[in-house]
Amino acid sequence: MQTEAAARICFFMFRWIEKFERRSHAFLAVVALGIVAIIGFVDFITGFETSYSIFYLLAIGLAAWFVGRGFAIFVSVLSVVVSLAGDLARGEHFSSPLIPAWNAIILLTFYLVVVWLLARLRAFHNNLEGQVRQRTAALTEEMAERERLERELLEISEREQRRIGQDLHDGLCQHLTGATLAGQVLEEKLAALNLSEAADAKKVVEIVEDGINLSRRLAKGLYPVEMEADGLMLALEEFAATSGELFKVSCRFECDSPVLIHDPATAGHLYRIAQEAVGNAIKHGKAGSILIRLDASEESTMLSIKDDGVGLPEPLPKNRGIGLRIMAHRSAMIGGIFKVRRDEPGGTLATCELQTKSKPK
Amino acid sequence: MNKPKVKIFLVDDHPLVREWLTNLIHQQPDLIVCGESEDVPRALQKISAIKPDVAIVDISIKHGSGIELIKSLKALHPDVATIVLSMHDEKLYAERALRAGARGYVMKSETAKKVIMVIRQVLAGKIYMSESIAAVFAEKFVDGRLLASGSLVEQLSDRELETFQLLGKGYETRQVAEMMNVSMKTVQAHCAHIKEKLKLANAAELLREAVRWQENNPTG
């Protein structure tokens, strides 16, 4: 109970300190002087038997913390003078004229010690704050740099994958096609000579044909979305069908009206987001049914992947965080907003929303 | 004198493929390669001059798409029978190519074994497609999805027809909504009804159907 009360007091104190920090020095100086005046007046009317020296500390503390050491010394001297003058003005008599002087010196010394302590504390506080700010700035910079690197990494891997995929598809596959044609020519020549080696030539053609299919499948994995604007719809449709078949779950793709994505890079990233989300739904979510949707509204184009699995675990394990972050990076790269949350009544809903940039004429 | 040889023109941007396809064709006593090109403009030029019997066309070629070339050939030289040789998946492109006017679609991975047979089949006036594509077509036919051209489109309401036409002209859903002065939700509802009435499986199919219909029934 006690610590709670102390904590509350500290809390309010800090709130007040914060409020004062925002005020100008001149205003705070006036407040400090005002406090000295009020306490001096109260001190004057209540007489010299009661000591108010501790209350002047409020003004001195204020001056020392918020305004400056010089002003605080001035307020200290002023407080001593005001309190002494008040006592003298009421016509108090001391047994020796040295006594008020002695009291004043004691009081002033006490005030000055307090001022010195507060000034040191303030300097230490400022120093600490500066350090914290510096560290925070360095940390923020490092985080931004890291994020930039992650994004760049993603971009590079995307670009390289697409390049390799295209090379496989347009280069190697065509080359192999030439090889099968050459093999076919050879087979027919051998067959015309009635040589049994014709069967071997035929086998060679078949082996190279398998090679073409193999590289096409590789290219498809590296570069899944065809260049045309309706490529994403087709790719997602095919992806939903193959995933459903492969993992024995219900995986559907829905798209009410045609959604065209004219930028192939955007289409590619949306496809990868869908791929990752479906992968997560099956691997981590243990989903039995997944729905991929592509919707367009006046303001935006939205890809959403919804499953009926166990939902996101709380807190997220490290390795899943990376997958989600990459999806968010992909969204950010194409100017979209990525969100993922537990869905009601169960499962996960991942969305990537792209704002429509310019209004169509 | 011998019967004149059947003239074949090749359009493909891979020299190795052109070279060995030529060699393979020249092994047949009655076929001859009369010219080749690696891009669309020169292909059109040469075909006009040479007037081949068959043109073998790749879908992804330099300066333009094979599909566009097929459409031009169909319009300008209807006597030239076109066969598509492509690395692209037949599931995605065969229908487009055949609708554009091609008489055959062969995947490049099967070209060596099939191309001569396909040339002969096309010369005999038949259309060639692989068995699996033929099966897909047959299924669509049975479902009534291949007949969308005339009668089914007539079932559309005026607003649905307008949506269908605008989509066919290449406008996006958002633009269609703006042009018809309705919300996108309304356009989406129209799309759902069109899909139902025309028995289309998905939005991609709806779009292709709309484009095809627009090409066959141009309206200003």
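Reply: Two strands count as paired if DSSP finds at least two bridges between them. Please keep in mind that this is a predicted model.

Me: What makes S4(A) and strand S5 (residues 348-355) of chain A a pair?

Reply: S4(A) and S5(A) are joined over 7 bridges. The definition asks for at least two bridges, so S4(A) and S5(A) count as paired. Their sense is antiparallel, and Ile337(A) stands opposite Glu353(A) in S5(A).

Me: Why are strand S1 (250-254) and strand S4 (336-342) of chain A said to stand at the edges?

Reply: The open sheet has 5 strands in the order S1-S2-S3-S5-S4 (chain A), with mixed pairing. S1(A) and S4(A) each have a single partner strand, so one side of each is left without a neighbour in the sheet. From one strand to the next, the twist averages 10°.

Me: What lies across S1 and strand S2 (289-296) of chain A?

Reply: Helix H7 (residues 231-247) of chain A does, and H7(A) runs at about 170° to S1(A).

Me: Why are helix H5 (residues 98-192) and helix H6 (residues 197-222) of chain A called roughly antiparallel?

Reply: The axes of H5(A) and H6(A) come within 8 Å and cross at roughly 170°. Angles over 145 degrees count as roughly antiparallel, and therefore H5(A) is roughly antiparallel to H6(A). The contact of H5(A) with H6(A) has 18 nonpolar, 9 polar and 6 charged residues.

Me: How many helices and strands does chain A have, and in what pattern do they follow one another?

Reply: Chain A has 9 helices and 5 strands. Along the sequence, the pattern is α-α-α-α-α-α-α-β-α-β-β-α-β-β.

Me: What makes a residue of chain A count as buried, and what percentage of the chain does so?

Reply: A residue is buried if 20 or more other C-beta atoms lie within 10 Å of its own. Of the 361 residues of chain A, 30% count as buried.

Me: Which residues have the most contacts inside the largest nonpolar core?

Reply: That core has 57 residues, and those with the most contacts inside it include Ile8(B), Val11(B), Ala55(B) and Ile56(B). The largest share of this core, 7 residues, comes from H5(A). A second, separate core of 53 residues includes Met233(A), Cys255(A), Tyr271(A) and Ile194(B).

Me: Which residues does Val11(B) touch, leaving aside those up to four places away in sequence?

Reply: Among them are Ser37(B), Ala43(B), Val57(B), Asp58(B) and Leu69(B).

Terms used. Residues are numbered from 1 along each chain as its sequence is written. Chains are lettered from A and ligands numbered from 1 in the order in which they are written. This is a predicted model: local features need pLDDT of at least 70, side-chain atom pairs count only at pLDDT 80 or more; totals for chains, interfaces and linings use all residues. Axes are lines fitted to C-alpha atoms, for helices over the stretch in contact, and angles run from 0 to 180 degrees between N-to-C directions. Helices (H or I, at least four residues) and strands (E, at least two) are DSSP runs, numbered from the N terminus. Angles under 35 degrees count as roughly parallel, over 145 as roughly antiparallel, 65 to 115 as roughly perpendicular and the rest as oblique. Ala, Val, Leu, Ile, Met, Phe, Trp, Tyr, Cys and Pro count as nonpolar, Asp, Glu, Lys and Arg as charged, and the others, Gly among them, as polar. Two residues are in contact if their C-beta atoms, placed from the backbone, lie within 7 Å. A residue is buried if 20 or more other C-beta atoms lie within 10 Å of its own, exposed if 12 or fewer, and partly exposed in between; C-beta atoms are placed from the backbone. A nonpolar core is a set of buried Ala, Val, Leu, Ile, Met, Phe, Trp, Tyr and Cys residues joined through C-beta atoms within 7 Å.
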